[in-house]
Amino acid sequence: MHRLDPRAKLITTFVFIVTVVSFDKYAFSAFVPFFIYLAALVSIGGLPVRYLLRKILVVSPFALLAGIFNPFIDREIVLHIGRAGITGGWISYLSILTRFFLTVSAALILIATTGFNAVCASLIKLGVPRVFVIQLLFFYRYIFILTDEAERMVRARSLRTFDNRLMSFKVFVPLVSNLLLRTLERAERIYRAMCCRGFDGTIRMIRTMKITGKEIGFAWGWIFLFVLFRCFNMPLIFGKLILGGLP
């Protein structure tokens, strides 16, 4: 899994994400087969599940807030479970959360099995403008610089205070401004160090990219399954077969 050409994994992940987000807002059971792709890649790639779940939980508040008002806006009953009626707002809200989990998990698995440098190099090979890719690479790198500087400043403040009270607004504002200035200064030093080491905007990799039969089979095999899952609601079909609803 880790040795596959990054372009094959990038294209497969892109088709996966596009297929998942193309469902209507009330789709929920149709997402179940797409978990096969995530489970297969995690198993083959030997990725730690807890690590992926922690990363997903970090950005989960955005998904929770995205559709939090759906149950209050869409109150039409569209499903009955026994005597309980489920409104369309709750189904659409669960659909948003499921899409979020699938798409973010696929992106994290891609980076974990490929590396961000290889992903950016693949984007350039696929025709994405170099300026956009370099900006994306810098954005990824400087996020860690920002978090590192923030941790150092918070640690310094905690060592200079002797109370456990929350940070006041008067302290928070200058802290954020100072964080921005320190981050810009450190980013400038890093950029100068990169220029001194011969950086010219080209992403270089030790291993060359080469498309072989493995990559073609990997990409087309999964894309075929994604299209199949998109055109046919497999859980509904199997449910009808089990219940004897189909002739």
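Student: What should I know before we start?

Tutor: Residues are numbered from 1 along each chain as its sequence is written, and side-chain values use heavy atoms, without hydrogens and water. In this predicted model, local features need pLDDT of at least 70 and side-chain atom pairs count only at pLDDT 80 or more, while totals for chains, interfaces and linings use all residues.

Student: What makes Asp 5 and Arg 7 a salt bridge?

Tutor: A salt bridge needs a side-chain nitrogen of Lys or Arg within 4 Å of a carboxyl oxygen of Asp or Glu. The closest N and O atoms of Asp 5 and Arg 7 are 3.0 Å apart. So the pair qualifies.

Student: Why is Asp 5 called buried?

Tutor: Buried means under 20% relative accessible area, exposed over 50%, and partly exposed in between (1.4 Å probe, protein chains only). Asp 5 has 1%, so Asp 5 counts as buried. Arg 7 has 18%, so Arg 7 is buried too.

Student: Which parts does the pair Asp 148 and Arg 186 tie together?

Tutor: The closest N and O atoms of this salt bridge are 2.6 Å apart. Asp 148 lies in helix α7 and Arg 186 in helix α8 (residues 169-196), so the pair ties together parts 38 residues apart in sequence. Helices here are DSSP runs (H or I, at least four residues), numbered from the N terminus.

Student: How exposed are those two?

Tutor: Asp 148 has a relative accessible area of 29%, so Asp 148 is partly exposed. Arg 186, at 23%, is partly exposed as well.

Student: Why is Ile 73 called exposed?

Tutor: Ile 73 has a relative accessible area of 68%, so Ile 73 is exposed. Ile 73 is found in helix α4 (residues 70-73).

Definitions and conventions
Helices (H or I, at least four residues) and strands (E, at least two) are DSSP runs, numbered from the N terminus.
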